[in-house]
Amino acid sequence: MSNYNWCHGPNCHTTETQSRVRGSGDNKVLRTIKIKLNRYGNYQNGIWNHFCNNRCLFDYIQTHIQSIVAIAPRSKALETPVKVVKEKYESSRYNWNGEGGPQRVPYQATRTIIKSVDNS
Ligand SMILES: [Zn+2]
């Protein structure tokens, strides 16, 4: 089993960087980047075992998006049950128009809290 992958970016081999130049004399080429497996551990589910950088990842997605979404189609919206709670709290703002510099003015503010619901 090999311990590397070739970058899957469809345009990886056209990007002009010194790291991609291979060959000698007048027979030089730009070659797809060779990626050492697990170079970032399991970071982002090993996605970086297949792409050398974000540009190659997004080029790949752009090229293959129809096939990718066909793997796991989403025909309707998903929903997560939650409770929405409005809560009043003391806050303050500054009045910058008064004499003697900015004045701190307290007021009753409202915040919205989204709480997950335990379905078990
Ligand atoms: Zn690449």
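Before anything else, a word on elements: helices (H or I, at least four residues) and strands (E, at least two) are DSSP runs, numbered from the N terminus. Tryptophan 48, for one, sits in the loop between β4 and α1.

This is a predicted model, in which local features need pLDDT of at least 70 and side-chain atom pairs count only at pLDDT 80 or more, while totals for chains, interfaces and linings use all residues. Numbering runs from 1 along each chain as its sequence is written, and side-chain values use heavy atoms, with hydrogens and water left out.

1. The zinc site. Cys7, Cys12, Cys52 and Cys56 each give their SG to the zinc ion, at 2.2 to 2.3 Å. Donors here are N, O and S atoms within 2.8 Å of the metal (3.2 Å for Na, K and Ca), and since water is not among the atoms, sites may look incomplete. The angles among the four donor atoms run from 105 to 116°, giving a tetrahedral site; four donors get that label if all angles lie between 85 and 135 degrees. For reference, the ideal tetrahedral angle is 109.5 degrees.

2. What the site ties together. Along the chain the zinc donors are spaced C-x4-C-x39-C-x3-C. Cysteine 7 comes from the loop between β1 (4-6) and β2 (21-22) and cysteine 52 from the loop between β4 (34-36) and α1, so this pair links parts 45 residues apart in sequence. Cysteine 7 is buried at 6% relative accessible area, and cysteine 52 is buried too, at 16%. The cut-offs: buried is under 20% relative accessible area, exposed over 50%, partly exposed in between (1.4 Å probe, protein chains only).

3. Tryptophan 48. This one counts as buried, with 10% relative accessibility. Beyond residues up to four places away in sequence, tryptophan 48 touches Ile35, Arg39, Tyr40, Tyr43, Asn53, Asn54 and Leu57, where contact means heavy atoms within 4.5 Å. Its side chain also makes a 2.7 Å polar contact with that of glutamine 44. A polar contact is a pair of N or O atoms within 3.5 Å; within protein, one must be able to donate a hydrogen and the other to accept it, and residues adjacent in sequence count only if both atoms are side-chain atoms.

4. Helix α1 is bent. Its 18 residues (54-71) have end C-alpha atoms only 22 Å apart, against the 26 Å a straight helix would reach at 1.5 Å a residue; the expected span is 1.5 Å times one less than the number of residues. There is a kink of about 80° centred on histidine 64, the bend being the angle between axes fitted to the seven residues ending there and the seven starting there.

5. Start of α1 and its buried residues. A side-chain oxygen of asparagine 53 comes within 3.1 Å of the backbone nitrogen of arginine 55 at the start of the helix. Cys56, Leu57 and Asp59 are buried in α1. The side chain of aspartate 59 has a polar contact of 3.3 Å with the side chain of asparagine 11.

6. Two loop residues to look at. Asparagine 38, in the loop between β4 and α1, has a positive phi near 60° despite not being glycine. Asparagine 38 is partly exposed at 47%. Serine 24, in the loop between β2 and β3 (29-30), is exposed at 52%.

Note on methods
Four donors count as tetrahedral if all angles lie between 85 and 135 degrees; four count as square planar and six as octahedral if opposite donors are over 155 degrees apart and all others between 65 and 115; anything else is irregular.
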